[in-house]
Amino acid sequence: MNRRPALLAAASFTAAALFALSACGGGGDSEDSDKIAGADSGDGAKKSSPSASASADGVDRPEIVVPKDVNLEFAPETTGDAKADAVLRDNAEYWRAIVESIEKQDPKSEAVRFYSKDAGLLGTIEWSGNFIKNDLTLAGTVRFTDRKVKFSKDGSAGLTYCSDESKGYTKDRKTHKKNVTPAGKDSYIRYNDRLRKNADGVWQLTNSTSEMGSALCQP
């Protein structure tokens with residue numbers, strides 16, 4: 001799997017899509033759309049993940065700290081089905097881990113390795129590493145919605161959702177200048193993820209595909 005944000009494909013690094021990932025690699029279908037959101041909160045203070053350390057399921061999870069000017073929102077957060085809710089929770093923590101890894105300039109962070117593996121881990125490291133290489137951080141609002149989980153006979157989970165990145169942007173690490181561009185069709189991305197539960201009970205991303213400008217995700 002190869003995760004590449006459209007942002008990094010542009011020479012100016014000012015494209016609207018922050019988290020857009022193009023992936024190649026096998027194994028796994030998912031269901032349909034969901035969205036990502038992060039809201040601009042202002043300064044560069046930090047905030048901890050709401051499900052840091054942990055947790056009702058007894059899993060000792062790494063604390064994740066993201067910049068205060070990044071806000072990721074997930075809808076729905078829960079469905080009422082405990083098994084599906086565990087997948088949704090760990091997927092949300094995966095995205096928070098990515099933001100933290102970019103801020104810390106550590107693409108192989110503990111949290112990234114905790115919530116992804118195999119092709120999912122390798123692609124995530126490459127993707128976040130591109131931001132670090134180009135002295136960029138993330139800011140603003142990204143919203144994940146319509147998250148749907150479907151379990152396969154082999155025990156894996158398919159997760160589909162859309163991301164609304166129309167209010168997200170990158171920021172130069174040195175100058176703190178924000179790269180803000182008008183929202184467009186490609187600000188809305190559909191994801192199709194595959195996750196597997198490890199021996200510790202954590203649903204880890206193993207593969208992902210995405211489609212920028214998906215008709216399923218347009219407002």
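1. A strand, as the word is used here, is a run of at least two residues that DSSP marks E, and strands are numbered from the N terminus. The structure under discussion is a predicted model. In this model, strand S9 covers residues 203-212, and Ser-208 lies within S9.

2. Is Ser-208 buried or exposed? Ser-208 has a relative accessible area of 1%. Residues under 20% are called buried, so Ser-208 belongs to the buried group. The side chain of Ser-208 is joined to the side chain of Asp-193 by a polar contact of 2.5 Å.

3. The partner of S9 deserves attention next. Strand S8, residues 188-197, pairs with S9 in the antiparallel sense, and the pairing extends over nine bridges. Within this arrangement, Ile-189 stands opposite Met-212 of S9. S8 and S9 together form a hairpin, with five residues between the two strands. Gly-201 is in the turn and has a positive phi of about 90 degrees.

4. How many disulfides does a search of the whole structure find? The search finds one disulfide. Cys-162 and Cys-217 are the residues joined, with an S to S distance of 1.9 Å. The angle about the S-S bond is -70 degrees, and the link of Cys-162 and Cys-217 is left-handed. This pair links distant parts of the chain: Cys-162 is in strand S6 (residues 157-172), whereas Cys-217 is in the segment after S9, 55 residues apart.

5. Cys-162 counts as buried because its relative accessibility is 1%. Cys-217 likewise counts as buried, since its relative accessibility is 0%.

6. Helix H4 comprises residues 118-133, and Ser-128 is found in this helix. Ser-128 has a relative accessible area of 0% and is therefore buried. The side chain of Ser-128 reaches the backbone oxygen of Ile-125 at 3.5 Å. When residues up to four places away in sequence are not counted, Ser-128 touches Ser-101, Ile-102 and Pro-107. Ser-128 and Ser-101 are 27 residues apart along the chain, and their C-alpha atoms are separated by 7.3 Å.

7. Lys-133 also has its place in helix H4. Is Lys-133 buried or exposed? Its relative accessible area is 63%, and Lys-133 is therefore exposed. The C-alpha atom of Lys-133 is separated by 8.9 Å from that of Gln-105, and these two residues are 28 residues apart along the chain.

8. Charged side chains form a further topic. Side chains of opposite charge can pair when their charged atoms come close. A search of the whole structure finds seven salt bridges. One of the salt bridges is formed by Lys-171 with Asp-69, whose closest N and O atoms are 2.5 Å apart. The pair links distant parts of the chain, 102 residues apart: Lys-171 is in strand S6, and Asp-69 is in the loop between strand S3 (65-67) and strand S4 (70-74). Lys-171 and Asp-69 are both buried.

9. Another salt bridge lies within a helix. The side chains of Arg-96 and Glu-93 meet at 2.5 Å, N to O. Both residues lie in helix H2 (residues 82-104), where they are three residues apart, about one turn of the helix. Arg-96 is buried, and so is Glu-93.

10. The side chains of Asp-146 and Lys-148 also meet in a salt bridge, at 3.9 Å from N to O. Asp-146 is partly exposed, because its relative accessible area is 32%. Lys-148 counts as partly exposed too, because its relative accessibility is 37%. Both assignments follow from the rule that a residue is partly exposed when its value falls between the 20% limit for buried and the 50% limit for exposed.

11. Which residues are linked in a network of salt bridges? The network links Arg-61, Arg-89 and Asp-90.

Notes
Residues are numbered from 1 along each chain as its sequence is written. This is a predicted model: local features need pLDDT of at least 70, side-chain atom pairs count only at pLDDT 80 or more; totals for chains, interfaces and linings use all residues. Side-chain values use heavy atoms; hydrogens and water are left out. Helices (H or I, at least four residues) and strands (E, at least two) are DSSP runs, numbered from the N terminus. Buried means under 20% relative accessible area, exposed over 50%, partly exposed in between (1.4 Å probe, protein chains only). A polar contact is a pair of N or O atoms within 3.5 Å; within protein, one must be able to donate a hydrogen and the other to accept it, and residues adjacent in sequence count only if both atoms are side-chain atoms. Two strands pair if DSSP finds at least two bridges between them. Contact means heavy atoms within 4.5 Å. A disulfide is a pair of cysteine sulfur atoms within 2.5 Å. A salt bridge is a side-chain nitrogen of Lys or Arg within 4 Å of a carboxyl oxygen of Asp or Glu.
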